[in-house]
Amino acid sequence: VSVLPLMTNVPISCCERISEETGRHLPIFTVVTDLGSAHCLWFANGVDKMYIASDQCRELAKSRGKVPDEKIVQIGLPIRHQFAMQ
């Protein structure tokens with residue numbers, strides 16, 4: 001799971017290499033922790049799933065990273081309910 005935009009491509013490369021060497025698929029997921037605007041490095045198409053918070057991030061993922069809809073899961077911000085209520 002990648003939660004840092006500057007490190008998204010490194011785990012993708014590592015997982016691809018491990019998958020090739022072992023013959024077993026090693027999935028990689030990205031959780032974009034930005035709500036409306038996000039750095040372009042978040043949106044790497046090599047992930048199995050990308051979890052995003054908003055429609056704005058969905059459009060950025062599609063335009064900047066060419067991430068297809070089937071890889072995008074819109075879940076809102078991944079925070080505990082108690083944290084949101086404070």
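Leaving aside neighbours within four places in sequence, which residues is Pro 5 in contact with? Pro 5 is in contact with His 39, Leu 41 and Trp 42, where contact means heavy atoms within 4.5 Å. This is a predicted model: local features need pLDDT of at least 70, side-chain atom pairs count only at pLDDT 80 or more, and totals for chains, interfaces and linings use all residues. Residues are numbered from 1 along each chain as its sequence is written, and side-chain values use heavy atoms, with hydrogens and water left out.

**Overall layout**

- The protein has 3 helices and 3 strands. These are DSSP runs, numbered from the N terminus: helices are H or I with at least four residues, strands are E with at least two.
- Along the sequence, the order is α-β-β-α-β-α.
- A box of roughly 45 × 30 × 25 Å, taken along the principal axes, holds the C-alpha atoms.
- Of the contacts with a separation of 6 or more, 33% join residues 24 or more positions apart.

**Surface and charge**

- Of the 86 residues, 30% are buried. Buried means under 20% relative accessible area, exposed over 50%, and partly exposed in between, with a 1.4 Å probe and protein chains only.
- The accessible surface is about 5,600 Å². Carbon and sulfur atoms own 57% of that surface. Areas come from the Shrake-Rupley method with a 1.4 Å probe; for residues, only the protein chains shown count as cover.
- There are 9 positive and 9 negative side chains. Lys and Arg count as positive, Asp and Glu as negative, while His and the chain ends are not counted.
- The centres of the two charge sets lie 3 Å apart. Each charge is placed at NZ of Lys, CZ of Arg, CG of Asp or CD of Glu.

**The largest nonpolar core**

- The largest nonpolar core has 16 residues. Such a core is a set of buried Ala, Val, Leu, Ile, Met, Phe, Trp, Tyr and Cys residues joined through side-chain atoms within 4.5 Å.
- Val 32, Ala 38, Phe 43, Met 50, Ile 52 and Ala 61 touch the most other members.
- Helix H1 (9-22), strand S2 (49-52) and H2 each give two or more residues to this core. The largest share, 3 residues, comes from H2.
- Beyond its neighbours within four places in sequence, Val 32 is in contact with Ala 38, Trp 42, Phe 43, Met 50, Tyr 51, Ile 52 and Cys 57.

- Leu 60 lies in helix H2 (residues 55-64). Leu 60 is buried because its relative accessible area is 16%.
- Not counting residues up to four places away in sequence, Leu 60 touches Gly 36, Ser 37, Ala 38, Phe 43 and Gly 65.
- Leu 60 and Met 7 are 53 residues apart along the chain, and their C-alpha atoms are separated by 18 Å.
- Lys 66 is found in the loop between H2 and strand S3 (72-74). Lys 66 is exposed, at 57% relative accessible area.
- Phi of Lys 66 is near 55°, a positive value in a residue other than glycine. Most residues other than glycine have a negative phi.

**The loop between S1 and S2**

- Asn 45 sits in the loop between strand S1 (29-31) and S2. Asn 45 is partly exposed, at 33% relative accessibility.
- Not counting residues up to four places away in sequence, Asn 45 touches Gly 65, Lys 66, Val 67, Pro 68 and Lys 71.

**The segment before H1**

- Pro 5 lies in the segment before H1. Pro 5 is buried, with a relative accessible area of 16%.
- Pro 5 and Val 31 are 26 residues apart along the chain, and their C-alpha atoms are separated by 9.3 Å.
- Val 1 is in the segment before H1. Val 1 counts as exposed, at 71% relative accessibility.
- Not counting residues up to four places away in sequence, Val 1 touches Ile 28, Phe 29 and Val 31.

**Cysteines**

- A search of the whole structure finds 0 disulfides. A disulfide is a pair of cysteine sulfur atoms within 2.5 Å.
- The sulfur of Cys 40 has its closest cysteine sulfur in Cys 57, 13 Å away, so the two are too far for a bond.
- Cys 40 is partly exposed, at 43% relative accessibility. Cys 57 is buried, at 0%.
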